[in-house]
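Biologist: Before we discuss this structure, I would like to hear what the words stand for. Please set each value against its definition as we go.

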Amino acid sequence: MLILMVLLALAALSAGAYAMGRRKARQATAGAAGRPHSLPGYHGAYVALWTGLPAAILLFAFVAFGGRIEYALISADPPPASAGITAERMATYYGDVQSVANGQSTSAVVYEGAAKTAFDAAVAHARSTDTLARLLAAAAALVLAIGGFLLAFPKLSKDFRARNRVEGLTSAVLIVCSVVAVMTTLGIVMSLLYESLRFFQAVSPLSFLFGTDWDPQIAMRTDQVMTHGAFGAIPLFAGTFLIMIIAMAVAAPVGLYSAIYLAEYAGRTTRAVVKPALEILAGVPTVVYGFFAALTVGPLFRSGFNALGAQLVGGPLNDLGLYLGQVQNQMALVAGAVMGIMLIPFVSSLSDDIINAVPQALRDGSYAMGATKSETIKRVILPAALPGVVAALLLAMSRAIGETMIVTLAAGLQAKLTANPLDTVTTVTVQIVTLLTGDTEFDNPKTLAAFGLGLTLFAITLVLNIIALRIVQKYREQYD
Amino acid sequence: MTDAALIAGATQPSGPGHASGSTPKTLAAAKRLKARHAAEFRFRLYGRTAIIVALSFLVILLGRIVSQGWSTFVQNRISVAVYVDPAKVDARALNGVNWDYMISTAALAKLGLTDDDVGERSGKMSALLSPALGYDLLKKIKADPSLIGKTVTVDGPIGADAGLYYKGLIKRSTAEGDRRLDDAQLGWLDQLKAKGQVTSKFNTDFLTHADSTQPEQAGVAGAAIGSALTLIVVGLLAIPIGVLTAVYLEEFAPKNRWTDLLEVNINNLAAVPSIIYGLLGLALFINMMGVPRSTPLVGGLVLALMALPTVIIATRSALKAVPPSIREAALGVGASRTQTVFHHVLPMARPGIMTGAILALSHAMGETAPGLMVGMVFFSSDLPRGFLSAATVLPVQVFIWENASERAFLSMTAACIMVLLAFMILMNGTAIYLRSRYERRW
Amino acid sequence: MSYISKDPSNPSGSPMTTPERHQGDHADGVPEIRLRTAAIGAHADAPTGTLKVQAKKINVFYGAKQALFDVDVDIPGKAVTAFIGPSGCGKSTFLRCINRMNDTIPGAKVTGEVLLDGEDVNDRQIDPVTLRARVGMVFQKPNPFPKSIFENVAYGPRIHGLAAGKADLEEIVEASLKRASLWEEVKDRLNQPGTGLSGGQQQRLVIARAIAVAPEVILMDEPCSALDPIATARIEELIDELRQQFCIVIVTHSMAQAARVSQRTSFFHLGKLVESGSTEEMFTNPKDSRTQDYITGRFG
């Protein structure tokens, strides 16, 4: 609340500074000969920026990192022995203290008796620390604002190059913004690497990447030995790959043929209907596909296979019949098929763009030779578009590998090393979700394993994306 | 054959039908042509089939969700007149009174029945009614204690299972042991309906309530507000940063290694799986920076990073579409580069930028995986109060309800999807409208 | 064995028979060309002045816009006919009527008759696929397919099934490239992409591609406008050679080019045919004042 008020005050101060700066510039130029270097508005903006910007940055930094600093401050005092806090629970304890102090819900842990008194004291301490920190931040922001104003205002004169200064600052802001994108990538890489390295201290990278046994069930109790969990990710990679292959088997032909039909055959009305419909299909959130897979397609496939199995039992394919009779809802085929549906519009719109980029002259050349449309497509357009189409399929694969919700809802949790599409498999993304949903503590390999998986996933999709984007770029250059 | 023969053949007077169809050569050619046209026909058929398959998937998907979800939007309500017996109500401890029992016996009385000794019958009746009736009665008595000793009419939703029966989703034909309501309960429901105690109306509770453990009491409002708050954070961060980055790259940045790298980086970020952003949010925002879990703030931060590349790419293509002649004209009258961009190029690109931004927001709205990572799987029966109060978002609500065991949540999951899709269609529709309304061809 | 196909709807009486191969003739270097010359020449030996293409009352609409108005043109069998006129006058549109390339433009509508050897190409019985095998076309910008030089030339024979085998196909490709006077330049790199050639070479490759299916008519839509003067001269030379065997129709911007390569000229203006006649007469003694103005450079 206080911070918000200070922000409003800063806005008001900046507005005032703008008006004052502009007036001063007008007065300075009114009597003088010759034109001023910059318009009065730029003088105003210059002063306003110096007034508001540094203070605002300070406030945002406080909002972003203040909680962390306060945490360090309050956890610097060790809790009284009566609280009975072990070293392992310190982080949770102070996390609770801070959330309660911020007026958020209490954690699952219930403190009673002496522990409750100690906890309340810690909360009170945290509250006073917080209030003090906020007051300090607010005061510092106001001081910075006034200081900025005092620094900038006297500089204004007729020949002051206010516009250049303001524009310089504008470009600086632009550059800072563009750095955010780079920082995001760096952030992803660093956080994944950091947590993964911690994971690889507990589990060797080789046994992670090449182990065939995945069973990360580690009890949260400290007396259990960590190595009881098995972290061999091969079954996850295999499951991910199996589902991706099934998805591509659906999406590649349907998506490609749709794109070809839309680009080469469809009339204006067909395009006007089909393209928005495909856009809707592309815009449907993946959790919706997951719902559809788990509650419509899964039961449908299962009853279909069960019925088929019932037909086969007793015949020459008795064993197959028995197997089909006990197929379950959660199978790779269901997740893969629904993911394939999800990818159809993705493949089709990318391929459509690619096919449309093939110059009309090539089509004309082929038609003029007496080729039919399909001959032109198969022998001229597709070969010409091949790199782009391959790139589109690579991007679709990358999407399939990184897709989470469909597999979480429809694939299953059992890590099995199988190539049978009717079997239940699990994927990298499903395991990340399973490992990280619920209470997450950053101190056991079970949680950290998710980051190991995340790093692998990121690396694989990154390689696919880079290759695909590179091909697309080359392809576009060719026809530009 | 000799040249002379060729000439002889060729110089014959030409005209339709001259080419005799009887020679093996022409037969082969005709056959070949027929085969080519058949191949053409097949190929076109494949394309048309693919389109039909894709469209029918869309129809099946949406149709299935509507058919599963519609029943949530109908609410069966019951009104029961309850005699508030002063003998059973302790005015000093109103919270301790078993209001549900009082209501269910009143409902039984309406059917001419009384409770049995072990309370089994009233328990069965109570299972048909929502606890909301009890809360309602309690609230009324608290507001006006003089009602004790009088007959009060309470009105509220019927229990979830009873609702399923009225909507035809629990069928009498199912074996008694396989359904959640026994024959006696179904009989009561039929009688209540026949007596006009039960009415059905549009389910406003679903649109105004937060989540609840009771399906008939649960609503999407909490998740919808959570989504709205999250999107505000996304919009405030991703749109300005994205637009300014695009302006820098397109209008100011020199062409060098650094900007090439930046470009490759942005294109790659757009294709990073969303769950990776969730991991980033967990490690960076929650673990390192101490942003509170499960809040719209942290959800918005993560989704803003995810939406950023989309906004940048859309803005860049909008800026590219502004012809260079505009820039040259502005620079030619002495405007600075910054003035040119902010006074001329950016306003002209605005429709394209807005379209891209809305689509990015709509995409962020439907993302589930990052939400799961930053703890948006959060149950709360209160509406979120602000950016720092724990909340969930619509797609995560879908995920939560999908995993709920109660049958009634199935329809509610589909209904929640309908609400989510309605919001997304609204946003995309706005984007498409903007695009068609303001799109200019240069 | 034949690489000269003949579909049943072809009324022109061009050869349907299998030419014998004279392997021994390879000594002189161009046996296939002679063979082909003989074959096609036979058909071109039709009495001079026979009309190959006759257009009657052609109107073309692109959507609501009318591009051609009641155009009547006669094109003789063994000669080069040039269409001249300012940009947008409809000369290319008319050219595209002859092999029905206007079919590929959405919203285009053609009325009137284009008689190829007396048969209306717009007739429902006529298959545009076989029509285009008889009427080849060369475009303004060279448009080789992104395939090897060999595959570019082999494309037509392959789709129309003109070659009986690999050796046969190779012979057709070689003969066509020789015919287009490109063979000497590319014979050592037939497997390299056609897009790697220079502009003039690409255009000759495209001409080779067109003649590989032994068409009766070749349409050329400003074939030299994207080329430098030297490449242009080579193409013009080639056109002059090709007219011995093919009926050639060329659209050109350049009146000088029309004067150099054509025997007959038609002048189009604003979608209408203004004047047709022998090239010599058109350029020395135009009948219409608009033709006069155009060829003297007063507009266009």
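Modeller: A residue is buried if 20 or more other C-beta atoms lie within 10 Å of its own, exposed if 12 or fewer, and partly exposed in between, with C-beta atoms placed from the backbone. Helices (H or I, at least four residues) and strands (E, at least two) are DSSP runs, numbered from the N terminus. This is a predicted model, in which local features need pLDDT of at least 70 and side-chain atom pairs count only at pLDDT 80 or more, while totals for chains, interfaces and linings use all residues. Residues are numbered from 1 along each chain as its sequence is written, and chains are lettered from A and ligands numbered from 1 in the order in which they are written.

Biologist: Why does C:V217 count as buried?

Modeller: C:V217 has 23 C-beta neighbours inside 10 Å, and the definition asks for 20 or more, so C:V217 counts as buried. This residue lies in strand β7 (residues 217–221) of chain C.

Biologist: Which residues is C:V217 in contact with, leaving aside its neighbours within four places in sequence?

Modeller: Two residues are in contact if their C-beta atoms, placed from the backbone, lie within 7 Å, and on that basis the partners of C:V217 include C:K52, C:I98, C:R134 and C:F246. The C-alpha atoms of C:V217 and C:F246 are separated by 5.7 Å, although the two residues are 29 apart along the chain.

Biologist: What puts the buried residues of α7(B) on the same side of the helix?

Modeller: The buried residues of α7(B) are B:Q185, B:W188, B:L189 and B:L192. They cover an arc of only 100° around the axis (the arc being that of the directions from the helix axis to the C-beta atoms), and therefore they lie on the same side of α7(B). On the other side of α7(B), B:D183 and B:A194 are exposed. Among the elements that cover the buried residues are β1 and β3 of chain B.

Biologist: What span is expected for helix α7 of chain B, and what span does the helix reach?

Modeller: The expected span is 1.5 Å times one less than the number of residues. Helix α7 (residues 183–194) of chain B has 12 residues and reaches 16 Å from its first C-alpha to its last, close to the 16 Å expected.

Biologist: Why are β2 and β3 of chain B said to stand at the edges?

Modeller: Two strands pair if DSSP finds at least two bridges between them, and the open sheet of three strands in chain B has the order β2-β1-β3, with antiparallel pairing. β2 (151–157) and β3 (198–202) each have a single partner strand, so one side of each is left without a neighbour in the sheet. Strand β1 (residues 74–83) of chain B and β2(B) pair over seven bridges, where at least two are required. One of the bridge partners is B:P157 in β2(B), which faces B:R77.

Biologist: How many residues make up the contact between chain A and chain B, and of which classes are those of chain A?

Modeller: The contact joins 75 residues of chain A with 69 residues of chain B. Helix α5 (residues 162–202) of chain A gives the most to the side of chain A that touches chain B, with 19 residues. Ala, Val, Leu, Ile, Met, Phe, Trp, Tyr, Cys and Pro count as nonpolar, Asp, Glu, Lys and Arg as charged, and the others, Gly among them, as polar; by these classes, that side has 45 nonpolar, 25 polar and five charged residues.
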